[in-house]
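Please look through the two chains shown here before reading the notes. The briefing goes from strand pairing to the contacts between the chains, and then to single residues.

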Amino acid sequence: MFPDVIDDTMTPSAKTAPAGTRQDTHGANILEVAHLSVSFAGVPVNVVDDVSFSIAAGRTLCLVGESGCGKSVTSLAVMGLLPAKVARIAGGTALFQDRDLLTLPRLEIEKIRGDRMAMVFQEPMTSLNPVFTVGDQITEAVRRHRKVGKPEARERALEMFRRVRIPSPEKRLDEYPHQLSGGMRQRVMIAMSLANDPQLLIADEPTTALDVTIQAQILDLIRDLQRETGTALLLITHDLGVVAEIADDVAVMYAGRIVESGPVDAIFNDPQHPYTLGLMGSMPSIGPKTGRLTTIPGSVPPPQALPPGCRFATRCPFADAHCQQNTPPLQHDARGHGWACFKAPLELHLAELG
Amino acid sequence: MNTSTKPILETHDITRHFGGDNGFLGSSAVVRAVDGVTISVEAGETFAIVGESGCGKSTLARLLLRLIEPTSGQVFFEGQDLSELPPKALRQLRARMQFIFQDPFSSLNPRMNVGTLIEEPLLVHSDLSAAKRRARVAELLVQVGLRADHANRYPHEFSGGQRQRIGIARALASNPTLLVGDEPVSALDVSVQAQIINLLEDLKQAFGLTLIIIAHDLAVIRHMSDRVAVMYLGQVVELAETDDLFSHPLHPYTQALIRSIPVPAPGHKPAGTTLTGDIPSPVAPPSGCRFHTRCPHVIPLCKEKEPILNIAEEKRFVACHRWKEIVAEGRLNIQIPAPTPAAEQRLALYRAHSTRGQKPTHT
């Protein structure tokens, strides 16, 4: 297992710091992504543009955003799972154990994936092979990376089933994916992903397909397991409720860029970027009704129609000509809270205007 | 809501079972998707039906408009028993009650342009001339926040939110009084979802509609509805006005549901434990109270005797043997932390500015 290092000074992004600057926190960082850009064939602008963040052992970073914001593409790039025919890494690095995941040869990254770095996807049914029992699939995942015999690997699978609290684990090992409920399948996926004690777990919308009572169980489970193992977690979600419940740090993405990032308290208690505000206002609350929902007008423009400056400018209620033409830098304050907006803090800028 | 208001839609002990056919490989298991539901929806209200997957809420929605036939029980629309209506009369009545589907793409014919799609209900339900129909289509498009010239485009040219607007325009074409939406916003991104929720509320106001919303997202329900029915395994377990239900739920299942919602406020963790276990299969629902396998308050009686939906307090109903004792142990009070002053101030600025310069949104 890994040392349970928790470093409160960790910041999820370091754009203002020159690349290569080793911060004091470096030793604790499991994954450091710097200036990652991804381009797609036929798309004139980068679909992921200059994205930087890092995650320390035992910490959880949530990438938040709506469909098409690049959060999944970012995670696929880190895992080396981008389809080579259409996607190209246009720049940046993703350091994991002092090796750049973006330039590793395929065979090398395959050794890491499923071992030191594991994944959980949204829909477990499409990630599990329907013609093998779930026990066999975990056994295979263990034997792929460990020189152990079948009985030991199966023993490990059983141990993992107990850890993810699957009832009657011995019986469940011999069942096929279709015999399990959605929540159980997601537990199997988590058991499989953690079977080799990964240092980094990447979970892409792991609870989105689940019912709310089951989602609560899975989030509790992820949190408990993370406390036990010290795994760093990169969680991708669109649900701000899930973010508030599980994240230590948050990066809000819009149209391929991080627009705001920082510790979870800063994001929720001191939101700066108009997109973050728009997202928060759009969410219906389970508290007493307070009137109409705030909306973000329009929708994300297609890549060719993105403005040259701030990509949110076409929908932002505060944007002016300067925002349309110039890209605001993502600047961090002393707490590691950063935002990319010329108009933030809003109250100060609007007061200046009168 | 005044209790003397005339109900627009009522069900009486309605059930729908699937399967059980004697096929070539023997008879299949019977799924009791909806099992004895009696509800009454008042004119002008927004009535919500909430529950997790497999609780029968979508089946119930379809039964309400007789899109599928009930196994037993009746549905009354303005006092008329839908099951006794001859097909022609039913078709005429359909103009008054319309359905909005979850996935607007699979419910719109990809080979018809938007104008034709919205015109179709007018052809069936009205005798307007071609020119008047075109004018009406243009009017409907503007009402749902699209442009009149969108009539010449095809569904694939639109985003998810825009497609849902097309679905709503189509539902509105025949001047309905009742709209039933089966998860009308759950396939949409948060910011687009907010636009569609606001649109539905505006249309409800403008046309005096009654809305029945089926959803699994409790925050959406809380925001939109006046009354809520909570379903579990084919039955209604609690029915109450929205504020009462969310501020102090009575049924242990409702309590668990509300506690399970992740609240967008860091450090907030409601008291109490999360539910264990999965939803049992509706093929073999548990004996007695169907929730007893997951209920933290279970006693032997719950396994033997089925609780019936009884009046608990004014305008609220609960199906639980022990609700009084559970309430006596301490009412569950759900408190949602308020946003910080900084967040509140900026949200207010955002709101002020986004409504000031608002053009019609074209999502």
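**Briefing on the predicted model**

Val50(B) has Ala215(B), in β11(B), as its bridge partner. This is a predicted model, in which local features need pLDDT of at least 70, side-chain atom pairs count only at pLDDT 80 or more, and totals for chains, interfaces and linings use all residues. Residues are numbered from 1 along each chain as its sequence is written, and chains are lettered from A and ligands numbered from 1 in the order in which they are written. Helices (H or I, at least four residues) and strands (E, at least two) are DSSP runs, numbered from the N terminus. Two strands pair if DSSP finds at least two bridges between them.

**Sheet of chain B**

- Strands β6 (46-50) and β11 (210-215) of chain B pair in the parallel sense over five bridges.
- β14(B) pairs with β15 (316-318) of chain B in the antiparallel sense over three bridges, and Ile311(B) has Phe317(B) as its bridge partner in β15(B).
- The hairpin of β14(B) and β15(B) has two residues between the strands, and Lys315(B) there takes a positive phi near 60°.

**Sheet of chain A**

- Chain A has an open sheet of eight strands in the order β6-β7-β8-β3-β9-β10-β12-β11, with mixed pairing.
- β6 (117-120) and β11 (331-332) of chain A stand at the edges with a single partner strand each, so one side of each has no neighbour in the sheet.
- β7 (200-204) and β8 (232-237) of chain A run parallel and are joined by five bridges; Leu201(A) stands opposite Leu233(A) in β8(A).
- Helix α1 (71-79) of chain A lies across β3 (60-64), β6, β7, β8 and β9 (249-254) of chain A, at about 145° to β7(A).

- Chain B has twelve helices and 15 strands.
- The radius of gyration of chain B, taken over C-alpha atoms, is 22 Å, close to the 21 Å that the globule rule (2.2 Å times the number of residues to the power 0.38) gives for 363 residues, so chain B is as compact as a globular protein of that length.
- Of the 363 residues of chain B, 46% count as buried; a residue is buried if 20 or more other C-beta atoms, placed from the backbone, lie within 10 Å of its own, exposed if 12 or fewer, and partly exposed in between.
- In all, 52 residues of chain B are in contact with 52 residues of chain A, contact meaning C-beta atoms, placed from the backbone, within 7 Å.
- On the side of chain B that touches chain A, α12(B) gives the largest share, ten residues.

**Buried parts of chain A**

- In helix α11 (274-282) of chain A, nine of nine residues are buried, among them Pro274(A), Tyr275(A) and Met280(A).
- Phe318(A) lies in the loop between α11 and α12 (321-325) of chain A and counts as buried, with 22 C-beta neighbours inside 10 Å.
- Not counting residues up to four places away in sequence, Phe318(A) touches Pro274(A), Lys343(A), Leu346(A) and His353(B).
- Phe318(A) and Leu350(A) are 32 residues apart in sequence, and their C-alpha atoms are 9.0 Å apart in space.

**Backbone details**

- Ala255(A) is not a glycine, yet has a positive phi of about 45°; Ala255(A) lies in the loop between β9 and β10 (257-263) of chain A and is buried, with 25 C-beta neighbours inside 10 Å.
- Glu78(B) also has a positive phi of about 45° and is not a glycine; Glu78(B) sits in the loop between β7 (72-77) and β8 (80-81) of chain B and is partly exposed, with 15 C-beta neighbours inside 10 Å.
- Ala344(A) and Pro345(A) are joined by a cis peptide bond, with omega about -10°.

Methods. Two residues are in contact if their C-beta atoms, placed from the backbone, lie within 7 Å. Axes are lines fitted to C-alpha atoms, for helices over the stretch in contact, and angles run from 0 to 180 degrees between N-to-C directions.
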